[in-house]
Every structure is written in structure tokens, then in C-alpha cells.
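Here is a quick tour of one chain, written for someone who likes to check atoms directly. Have the viewer open while you read.

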Amino acid sequence: MCGVAGYTGTECPELISKMMADNASRGPDGTGAYSQNGVHFGHTRLKIIDIKHGGQPMVRENGRYCVCYNGEIYNYGELRRDIEGKGYRFTTTCDTELIPLGFAAFGETLFERLEGMFAFALHDKKSGHVFLVRDHLGIKPLYFANVGRDIVFSSTARAVARHPKVDCALNPAAISEFLQYRYLKSENHFFSGIKTVPPGSSLKWSD
């Protein structure tokens, strides 16, 4: 599985470590953290592909891009050849590396090229953007909350709720929807301040 977590804005002491602890069951084999320019990522890893070199968050292109990723890219081989054709060099066989190098090669159009199951956050240090991206069927979970002008996100809603500014009041509409359909059809969550990134969607935050 793996677990992604992060937030933007002023650093909150121990917040990332608490979010990663909430995601520990998704990634028992390793953890990593990243903090640059008011962007803070944390990752818990389940090692499957390129066990030695696939640690995250993964930084590439002289520190410009950082990705915090969960999933599997089915058309990895095809996309890798296209990216290498643009002159970018891979240093691992892990599909995580395809995200930052693919973004460097194709920009936001990379997202529609991806085939697989995935949820990830990508920070472009130069532009100041953070992208939250979820696969077309919504197989991999990705929750987020707006906290003023900033965002907080994770693979689990519990980790998002760790942020002190997230509204954790119960959402009556979500509860009603669950009781009627036995699942939530909308992007809402049981906590009023938390939403899910819709399947096949990307969100862009700017500093």
C-alpha cells in the first residue's frame, strides 16, 4: 500500500510524525519526511519494487521536484521510454521516479497519461505548486482539508484530522448518505472539514 501525508504552511511540531504514525499500517517497512518552502511531506513505505532505492519522499531534478506516492503505474515501461526520449535519466527501477521526471518532461499533461492505481502529492519547488492527484477509478484513497490558505492531506482521514485547524465536527449530510447507500457517493467525509480528492482528478495549491 504505502501511506502519504503532508500539509502546507507554518511547520507544526511533530505533526508529520503523528500523521505517519496514523498511516503506519499502510507502510510498515520504512518512513521518510521532507520539508521545503513551507511544504511538508511524510511517507510510510511498503517495499515492493526496487526495495533498495525506492525510498520516499523522493526528490529529483536537483531538488526541484519532490513526490510522495502510493500506487502502481501499469504503463510504466511505455512512459519511461517516452521520458527518456526527452533526455531525462532514471536512477532507479521504481515507478515512483516516473512521477517527478514525467512532470519535468510533460508538465500537468503527465497526469492524464498515467494508467494504474495511485494517489500522490507532487511539489514543484520552483513554481511553488503542490499537486494532489488520484487515479481514474479512485482505487487509492486521498483525503484533504482546506485550512485557511493552506491544505493538509493524507491516505487516511484520521491523519488529516491531526491538523489542529481541521474541522472535525460530524457532517450530518455524509452520515445520512452513508445510512441510505452504505457508502459515501460524494467527495464529502464524516468530518465536516475533510473531503476526498475525486477519482480521476488533480488539485493544485499555490504558495
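Predicted model: local features only at pLDDT ≥ 70, side-chain atom pairs only at ≥ 80, totals over all residues.

## Ground rules

Buried here means under 20% relative accessible area, exposed means over 50%, and partly exposed covers what falls in between.

Start with helix 2, where Tyr76, Leu79, Arg80 and Ile83 are buried. Look down the axis of helix 2 and these buried residues fall within an arc of 105°, so they line one face of the helix.

What do the buried residues of helix 2 pack against? Their partners are strand 5, helix 3 and helix 4. Over on the other side of helix 2, Arg81 and Gly85 are exposed. After the helix comes Gly87, with a positive phi near 100°.

The largest nonpolar core has 24 residues, and Leu98, Ile99, Leu114, Phe120 and Leu122 are the ones with the most contacts inside it. At least two residues each come from strand 5, helix 2, helix 3, helix 4, strand 6 and strand 7 (129-134). Helix 3 gives the largest share, seven residues.

Ile99 is a handy one to click on: leaving aside residues up to four places away in sequence, Ile99 touches Val67, Tyr69, Leu110, Leu114, Phe120 and Leu122. There is also a second, separate core of 16 residues, with Cys66, Leu142, Ile151 and Phe153 among them.

## Salt bridges across the chain

The count comes to five salt bridges. One of them joins the side chains of Glu97 and Arg60, at 2.9 Å from N to O. Glu97 sits in the loop between helix 2 (76-85) and helix 3 (98-106), while Arg60 belongs to strand 4 (residues 58-60), so to speak a link between distant parts of the chain, 37 residues apart. Both Glu97 and Arg60 are buried.

Another salt bridge pairs Arg64 with Asp124, whose closest N and O atoms are 2.9 Å apart. Here the distant parts are the loop between strand 4 and strand 5 (65-73), which holds Arg64, and strand 6 (residues 116-124), which holds Asp124; they are 60 residues apart. Arg64 is partly exposed at 28% relative accessible area, whereas Asp124 counts as buried at 3%.

Then there is the pair Lys204 and Glu108, whose side chains meet at 3.2 Å, N to O.

Cys68 is buried, with a relative accessible area of 0%.

Cys94 is in no disulfide either, its nearest cysteine sulfur being that of Cys2, 8.4 Å away. Cys94 counts as buried as well, at 4% relative accessibility.

Methods: Residues numbered from 1 in each chain as written. Heavy atoms only, no water. Salt bridge = Lys/Arg side-chain N within 4 Å of Asp/Glu carboxyl O. Helix = DSSP H or I, 4+ residues; strand = E, 2+ residues; numbered from the N terminus. Buried < 20%, exposed > 50% of the residue type's maximum accessible area, 1.4 Å probe, protein only. Core = buried A, V, L, I, M, F, W, Y, C linked by side-chain atoms within 4.5 Å. Contact = heavy atoms within 4.5 Å. Arc of directions from axis to C-beta. Disulfide = S-S within 2.5 Å.
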